[in-house]
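Subject: Structure handover

Hello,

Here is the structure we spoke about, with the sequence alongside. My notes follow below it.

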Amino acid sequence: MDLPFTKHTLDNGLEVLVHEDHHVPVVGVNVWYHVGSKNERQSRTGFAHLFEHLMFEGSEHHNTGYFPPLQQAGAILNGSTNADRTNYWEVVPTSALELALWMESDRMGYLLPALTPARFENQRDVVLNERRQNYENRPYGLAVMAVVAALYPPAHPYHWLTIGAADDIRAMQFEDVQAFFRTYYHPANASLALAGDIDTTAALRLAEKYFSEIPPGPRPEPPNAEASIGREIRLVLEDRVEMPRLYMGWHSPAMFAGGDAEMDLLSDLLANGKASRLYRTLVYERRIALDVSASQGSRELGSFFLLVATAAPGKHLADIAVAIDQEMQRVIEEGPTKSEMERGEAQAEAQFLYRLQTVGGFGGKSDQLNAYNVFRGDPGYFSRDLARYQQATPESLRAAARRWLRFDQRVALSVVPRGQTASALAGSEPVSVS
Amino acid sequence: MIRADRSRLPEVGPDPPFRFPAIVRHVLPNGLQVRTLEHHNVPVVTFVLQVWGGAGADPADRHGLCALTADMLDEGTGTLSAIDVSEALAQIGAEFDIDVAPDAVSVTLTTLTRFADRGATLLASMATRPSMHAEDFERLRQLRVNRLQQLRDVPQAVAERAFLRLLYGDHPYGHLSIGNESSLRAMTLDDVRHFHSRSFRPSGATLVVVGAMSHEELRAVAERAFGAWQEPTDAVERTGIASEIDAPLVPEARLAVVPRDGAQQSELRIGHLSTRRDTPDYAALLVLNAVLGGQFVSRVNLKLREEKGYTYGARTGFDWRRGVAPFVLQTSVHTAVTADAIQDAVDEILSIRGTRPAGGREMMLAKATLTRGYSRNFETSQQVARSVAQLVLYDLPDSYFEEFVPRVEAVDADEVTRVAARYLDPPRLVTLIVGDHQAIAASLRSLPFGEPLVIAA
């Protein structure tokens, strides 16, 4: 299984990746900027994401909304920001490839002349609404904010979520936009991937035509920060919810580092799907939880492993925590079973194959090429990425669990209905997030 | 080197021609309709088994029965327990999903082509011979009751439920597929068994198979897995079908509030019942919706998000079904601007009916968003299989997808104004707010809807 490509670096440093797939007459156009909320500073959070919004408001030579000309050509488009990167994409009919490159290059090279304080103010309101809708007004919506705030010290760039703090968003200044753009939005800090119904030579020529005139900036210094917690931190957060829910967070290996794939496999083995150990114990057999899930949140500076379980009515988070610890202990002592390993391998193979079905959009082939290029410096990492999963062994999973999932080095957050702090784990400190 | 010309946008050529893959129809000896499509992109195969019924077939005192029945399918079959089923799916890397819609249930399984037979056999076994053990039934019912409790805190879910009820009243479409607490508690395992035997039978089912194999191979896989499925001997009575029951035309209230104290945002639904999926005006309604609120660049989002900054997003849509479907505008706005946002939204619905009809540029844009790049909707085997299942659900011809683009292109501005005037009916608009009632009560009096009906969450 493979994701073949051609890579060419323009003189200004822009890396261009092309993958041909003539199955359907469309092209995925995908641009990554290597900037995310981890490039922000304490008390100035939420900026990278707000900036992403401004990229859709017009640029010098198309000084009005970004959507209409592309949608008129049959494109779908979107963008997203996380801690480590910001991506933008269009999926266009093959005949509209040149238009998409014109538009992407214009906002890469000529955004600032089109930006006005009014556009900035308006998008700040939109982002505050996004925050209310997706975090403040959503049950358990602030929980992960509290977990990362406890896992990482205040100056660490993963201390805050990408959406940022509401006060920081309100305090943003229009002047900051220009400096941010000049630092991070230029060819030497970007990667362009084109996948789909295109000819490689022609695609590279078009990329050259539209992007080579944009001057490069200095490659930003990658942020660097360490974090560890030497104890179990127990917290309680009151929220507008019906059932108490337990969040457990651990530091875990950085994206693509040794143990990262193992932690991902462990998340499935422990808590994803009915056959997983914790689902079976907590939800199916003992019925003390309504649901349970886990994830390895892989990130550049260091990842975090998150386990979440909601208490069934009348059941206690304390019992859930004991049951979780017992299953963890079993994995650490005995490792996974043969059938768990087979399952993990089959699922990895299938998931990687499914990922080859779409050329564009979030998670499509163009997005994957950029991810491997930006995070690994190797767009061809697809098959080696899969190999990480195929080469995992019962012993490597056991070792990862033993090394990272320690009971005395984690954050245990109880989210409880308002006024019911007594249903939190014993010894939990109240925490407030807004 | 060629320099970019930034004085104008590049020309966009015509769309490449779009061909939908050939649909081959087969009927198995037991009466099961099978549709096969070859899809040679990636070695993957998708099965969609679709049966009639859906949440609209729930008996009046058993809301949630269809969804609970569907949920029981992967809870054990033959010698496999619920856990075994989940393991078996994982061993073939399967993606598995059950969708309970108003008029049908579809069960979708995607796996690698080399596991095609295993996947099909597992799907057939789950769908046609689920174990239906009492202890699994009790466990799932309890999980659903608990889920309902949790949904009381999710503004979107609260709005969905209350709005369906406001629009449809006692009509079979007037409830969420999950049902309600009392109906779930009243349900018995016999209800589930009975519902299953009525709904899941070869004569009322269609199996769509899409994958990187020949039609003959795909058909053979289907036959090996589903050939032994037998039609029950009892006939199914053709009564009480949701799509054939008249829905209420006049709403119970124009304005309703579900109080949510201290809510930072108001979740809004504005709409009324409109028409059926098989309306001859379908294409014109799609264009109307694209101009009004179906896209990021549509009027409603431009007004509420981009001009006013009231919301993260606002959109309109028809929630199509075989019977009469709702037209709905939905958004979530900052509490302080609730009444203003409602007024702006209603104004947009009003004006497109005549005072500000769809303009030339808007028409061009709306039609382009619906037609250009249409082929991207059919990249994966799952997209193709689900699309074909829709043809079956709505009695559409196999040529439908290839006729779609010319049909939409033929719609003109006059037709959009005509269908707007006909299907958008301002005096019947119902507005529902899930939000901080105390904070917004005074401002709501500025709206011409009278005192709000207050509904408990």
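Asp74(B) and Lys274(A) are both buried. Please keep in mind that this is a predicted model, and that every value in this message is computed from it.

The interface between the chains

How many salt bridges are there between chain B and chain A? The count is eight. One of them joins Glu87(B) to Arg280(A), where the closest N and O atoms are 3.3 Å apart. There are also 32 residue pairs in polar contact between chain B and chain A, counting pairs in which both residues have pLDDT 80 or more.

Several elements of chain B give two or more residues to the side that touches chain A, among them helix 2 (82–91), strand 7 (104–112), helix 5 (155–168) and strand 12 (324–334). Helix 4 of chain B provides the largest share of that side, seven residues. By type, the residues on this side of chain B divide into 29 nonpolar, 27 polar and 25 charged.

As for extent, 81 residues of chain B are in contact with 80 residues of chain A. The size of an interface is often given as the accessible area lost when the parts come together. Here chain B and chain A bury about 7000 Å² between them, and 55% of that is on carbon and sulfur atoms. Arg6(B), Ile83(B) and Tyr312(B) supply 12% of the area that chain B buries against chain A, which is more than any other three residues.

Nonpolar cores

The largest nonpolar core has 139 residues. The residues with the most contacts inside this core are Leu282(A), Leu307(A), Ile320(A), Leu207(B) and Phe226(B). Helix 5 of chain B gives the most to the core, with nine residues. Leaving aside residues up to four places away in sequence, Leu307(A) touches a set of residues that includes Leu246(A), Tyr247(A), Trp250(A), Val292(A), Ile324(A) and Met328(A). A second, separate core has 90 residues, including Ala73(A), Leu77(A), Leu111(A) and Ala207(A).

Salt bridges within a chain

Over all chains the count comes to 66 salt bridges. Side chains of opposite charge can pair when their charged atoms come close.

In chain A, Glu121(A) forms a salt bridge with Arg124(A), with the closest N and O atoms 2.6 Å apart. Both residues lie in helix 4 (residues 117–136) of chain A, three residues apart, or about one turn of the helix. Are they buried or exposed? Glu121(A) has 38% relative accessibility and so counts as partly exposed. Arg124(A) has a relative accessible area of 11%, so this residue is buried.

In chain B, the side chains of Glu306(B) and Arg305(B) meet in a salt bridge at 2.6 Å, N to O. Glu306(B) counts as buried because its relative accessibility is 17%. Arg305(B) is at 8% and therefore counts as buried.

Two residues of chain A

Ser37(A) is found in the loop between strand 3 (26–33) and helix 1 (47–54) of chain A. At 1% relative accessibility, Ser37(A) counts as buried. What does Ser37(A) touch? Not counting residues up to four places away in sequence, the list is Ala48(A), Asn82(A), Ala83(A), Pro157(A), Trp160(A), Leu161(A) and Thr162(A). With Thr162(A) there is a polar contact from side chain to side chain, at 3.0 Å. Asn122(A) is 85 residues from Ser37(A) in sequence, and their C-alpha atoms are 21 Å apart in space.

Thr200(A) is found in helix 8 (residues 200–211) of chain A. Its relative accessible area is 14%, so Thr200(A) is buried. Thr200(A) touches Thr6(A), Val18(A) and Glu20(A), again not counting residues up to four places away in sequence.

Regards

Key:
Residues are numbered from 1 along each chain as its sequence is written. Chains are lettered from A and ligands numbered from 1 in the order in which they are written. This is a predicted model: local features need pLDDT of at least 70, side-chain atom pairs count only at pLDDT 80 or more; totals for chains, interfaces and linings use all residues. Side-chain values use heavy atoms; hydrogens and water are left out. Contact means heavy atoms within 4.5 Å. Buried area is the accessible area (1.4 Å probe) that two parts lose on being put together, summed over both. A salt bridge is a side-chain nitrogen of Lys or Arg within 4 Å of a carboxyl oxygen of Asp or Glu. A polar contact is a pair of N or O atoms within 3.5 Å; within protein, one must be able to donate a hydrogen and the other to accept it, and residues adjacent in sequence count only if both atoms are side-chain atoms. Helices (H or I, at least four residues) and strands (E, at least two) are DSSP runs, numbered from the N terminus. Ala, Val, Leu, Ile, Met, Phe, Trp, Tyr, Cys and Pro count as nonpolar, Asp, Glu, Lys and Arg as charged, and the others, Gly among them, as polar. A nonpolar core is a set of buried Ala, Val, Leu, Ile, Met, Phe, Trp, Tyr and Cys residues joined through side-chain atoms within 4.5 Å. Buried means under 20% relative accessible area, exposed over 50%, partly exposed in between (1.4 Å probe, protein chains only).
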